[in-house]
Amino acid sequence: MQGTVGELGEFGLIRELTARVPLTDAVDLGPGDDAAVVKAPDGRVVATTDVLIENRHFRRDWSTAYDVGRKAAAQNLADVAAMGAVPTAILLGLVAPADLPTTWATELMDGLRDECQVAGATVVGGDVVRGETITLAITALGDLQGRAPVTRAGAQVGDVVAVTGWLGWSAAGLTVLQRGFRSPRAFVEAHRRPEPPYHAGPSGAELGATAMIDVSDGLVADLGHVARASAVDIDLRAADFDVPAQMADIGQAVGVDPLVWVLSGGEDHAIVATFPRGVQLPARWRVVGEVVGRARAARGGRVTVDGEAWDRVGGWDHFSE
């Protein structure tokens, strides 16, 4: 499609975007009315939201619009899965300059649609407005299907810590891009389009996970949220993490210990959870540590690696420098 979103107009753009998304059985009423109607057979709705801003969370010279759509959907749907829920729907708020090519917006929607299909969800509506900087506001919804939500606050002393999904791949890919390269392609693509293990959230809940979170800001940082919410101390074992040979090669080439990417790199959206020690975990879950004790009230919970504080660079704070 030729032209810009300004030439197409608000309602023409909305028609083009909504025409690209199918409905699912979880949706009674999709885009086109004042609001969508999404089924909630459980009687509860899991809801989360996130905002992405151009040049802060994505760059158009690094990622296609389709990539941005996949990534924007993934990071929100992963939050739903990490509660033990099944994703059902997302809503999109899009701020765009009038001179944005219409094809960028439609390819963005294609990315959102396709990532939703991976998770079993769909796009059910949203809003578009004019602004100077491309900004996406995503709201994701999910269904607990009768299960209790798995929060950050349930980890118990003696639990094992297990993870499923990729760790460090997105951070390695970002490092490659920052140095002006586009390969190794697998790591660059992991940064552009993370692949959260959506199934692991609900299945982890069924297995008896006591606490769970997706790895968006770095494993140590995100487990820190679990430790503080649960008032426990967690220790990870460095030797139990898988560092692929190609990641090690990238680390050697750029002078970075790849374990820093694994433990501190974000945006892979792996799922990490704590489980009672006797639970038989499927092979896709890798046990990498344990909950070693109750936290001292004065400092809250903490995460160590091989018994030592992890002070390597990592984690993410939007208001830090």
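What percentage of the 321 residues in the protein is buried? Buried residues make up 51% of them. The model behind these views is predicted.

**View 1. The whole protein and its extent.** The C-alpha atoms fill a box of roughly 60 × 50 × 35 Å, taken along the principal axes. The radius of gyration is 20 Å. A compact globule with 321 residues would have a value near 20 Å, so the two agree.

**View 2. Helices and strands.** The secondary structure comes to ten helices and 13 strands.

**View 3. The surface.** The accessible surface of the protein comes to about 14500 Å². Carbon and sulfur atoms account for 50% of that surface.

**View 4. Helices H2 and H4 cross.** Two packed helices are described by the angle between their axes and by the distance between those axes. Helix H2 spans residues 10-18, and helix H4 spans residues 102-119. Their axes come within 9 Å. They cross at roughly 35°. The crossing of H2 and H4 is right-handed.

**View 5. Side by side: the residues in the H2 and H4 contact.** Helix H2 brings Leu-13, Glu-16 and Leu-17 to the contact. Helix H4 brings Ala-105, Thr-106 and Met-109. What classes of residue make up the contact of H2 with H4? Four are nonpolar, one is polar and one is charged.

Note on methods. Residues numbered from 1 in each chain as written. Predicted model: local features only at pLDDT ≥ 70, side-chain atom pairs only at ≥ 80, totals over all residues. Heavy atoms only, no water. Axes fitted to C-alpha atoms, helices over the stretch in contact; angles between N-to-C directions. Helix = DSSP H or I, 4+ residues; strand = E, 2+ residues; numbered from the N terminus. Left-handed = near helix turned anticlockwise from the far one by under 90°. Contact = heavy atoms within 4.5 Å. Nonpolar A, V, L, I, M, F, W, Y, C, P; charged D, E, K, R; others polar. Rg over C-alpha atoms; globule rule 2.2 N^0.38 Å. Buried < 20%, exposed > 50% of the residue type's maximum accessible area, 1.4 Å probe, protein only. Areas by Shrake-Rupley, 256 points an atom, 1.4 Å probe, with all protein chains shown as cover.
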